[in-house]
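Please open the structure in your viewer and keep the selection tool at hand.

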Amino acid sequence: MLSKSGQTRVTQLDGLRGIAALLVVACHVVSTLPGIGGVFSNRAVDLNTAETWAVFSPLHILWNGTPAVHVFFVLSGFVLVLPFTRPGAVPSWAQYYAKRFFRLYLPAWASLAVAVALIALIPRTASPLQSAWADMYVVNPTVVQVLKDGLLMLNASTINTPLWSLKWEVAFSLLLPAYVFLALRWRRVWFVKIGLALLLAAVGGVHHMDALIYLPIFAIGAVLGVERERIRNLTRSWPRGAWFLVAAVGLFLANAEWVSREEPIPGVEALVTVGAALIVLLFVSCGAAKRLGDSAAAQWLGRVSFSFYLVHLPIILAGVTLFRSVSLPLALAISVAASFAAAELFYRYVEQPAHRLSMAVGRAVGRRIRQNDDGRDAASRVPTPAGTRVGAMAEAAPGRRR
């Protein structure tokens with residue numbers, strides 16, 4: 001289903017983004033629990049039966065945040081490349097960069113301010129009532145930390161850790177011309193390009209090189225976006241059973257890191273990326289997945305997903321600090337409810353105005369570029385003596401009007 005405002009927005013992918021954001025929030029909620037939270041630093045930690053099932057069974061799908069972030073990156077590659085696939089599209093990179101800066105940075109800076117304010121009001125403290133994972137987020141923000149986090153180009157501190165992924169969003173955004181070039185060239189071997197991207201992700205995982213782990217994920221999304229019609233045609237006649245298999249394989253690979261207590265194989269990140277790509281493919285081409293993505297709940301989550309992602313963790317940590325002595329489950333329930341409400345407010349009063357500002361800045365940059373082009377064209381024209389018939393005809397010709 002395409003949006004009413006244009007032909008390039010695939011609305012069910014908004015719903016998928018919202019579902020992925022919900023999984024990230026669920027991951028942080030479950031990780032706050034004293035038993036499960038310890039498993040991230042030590043897989044051999046003692047877990048009771050319920051905790052073991054929650055971590056090392058298919059139930060982990062319901063709260064695994066890692067593949068959700070991989071889905072975000074595939075979707076970013078898919079969505080940002082779409083405007084450049086329209087017939088006759090001519091990129092204005094200055095306009096694009098101006099819009100992208102305000103679209104990413106203003107909400108990120110506002111979320112950082114929210115996190116600092118919450119820490120000032122409700123200082124985070126370690127406690128046996130919460131997990132060791134939650135204890136890692138105890139921090140007293142410094143000006144230097146805040147400024148570094150605000151750059152979105154370095155590893156985020158524990159003030160508002162979800163900002164770590166924006167480092168890669170910014171890198172991808174800066175490199176988008178290269179991604180568009182590669183996605184639009186050599187169209188016949190699109191599957192080879194995806195294979196090479198997965199190979200790079202595997203190499204990055206084996207050698208612990210974050211840039212090679214994450215940047216190829218955007219390339220996969222960009223290729224899928226460019227080849228979306230080809231892929232739809234290839235999969236149009238697939239039976240329901242085939243899509244069930246795609247879903248099962250995608251979910252299994254996306255959660256390959258947690259299939260057993262053993263440490264995952266080196267390069268498992270590439271398997272997670274394959275799973276994320278299959279999930280995106282599912283929502284692009286499978287009717288049932290499209291309907292799920294276009295459902296009212298998923299669309300609302302998709303609308304506020306960026307805001308939800310940015311503000312939820314500081315709110316959860318503040319709520320846990322405030323109410324854990326009463327009841328940790330109650331603290332988490334209150335925090336999640338507050339995160340939903342805050343996401344809607346943040347969207348209305350921060351993200352949406354930032355988006356409108358980014359569009360206005362983009363239009364202003366576009367106008368300035370056109371004015372400069374017109375000025376250069378006017379300067380390059382040879383003046384014709386006034387009163388000559390040729391000059392009069394040239395001025396009257398519609399093709400010469402500016």
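A residue is called buried when its relative accessible area is under 20%, exposed when that area is over 50%, and partly exposed in between (1.4 Å probe, protein chains only). The model is predicted: local features need pLDDT of at least 70, side-chain atom pairs count only at pLDDT 80 or more, and totals for chains, interfaces and linings use all residues. Residues are numbered from 1 along each chain as its sequence is written, and side-chain values use heavy atoms, with hydrogens and water left out.

Select Glu351 first. This residue lies in helix H17 (residues 328-380); helices are DSSP runs of H or I with at least four residues, and strands are runs of E with at least two, numbered from the N terminus. Glu351 counts as buried because its relative accessibility is 3%.

Next, display the surroundings of Glu351. Beyond its neighbours within four places in sequence, Glu351 is in contact (heavy atoms within 4.5 Å) with Arg103, Pro107, Arg303, Phe306, Ser307 and Phe346.

Now select helix H16, residues 296-323. Its end C-alpha atoms are only 32 Å apart, whereas a straight helix of 28 residues would span 40 Å, taking 1.5 Å times one less than the number of residues. Where does H16 bend? Centre the view on Val304, where the bend is about 60 degrees, the angle between axes fitted to the seven residues ending there and the seven starting there. H16 is largely enclosed by the rest of the structure, because 21 of its 28 residues are buried.

Finally, show the whole protein. It contains 18 helices and zero strands, and 46% of its 402 residues count as buried.
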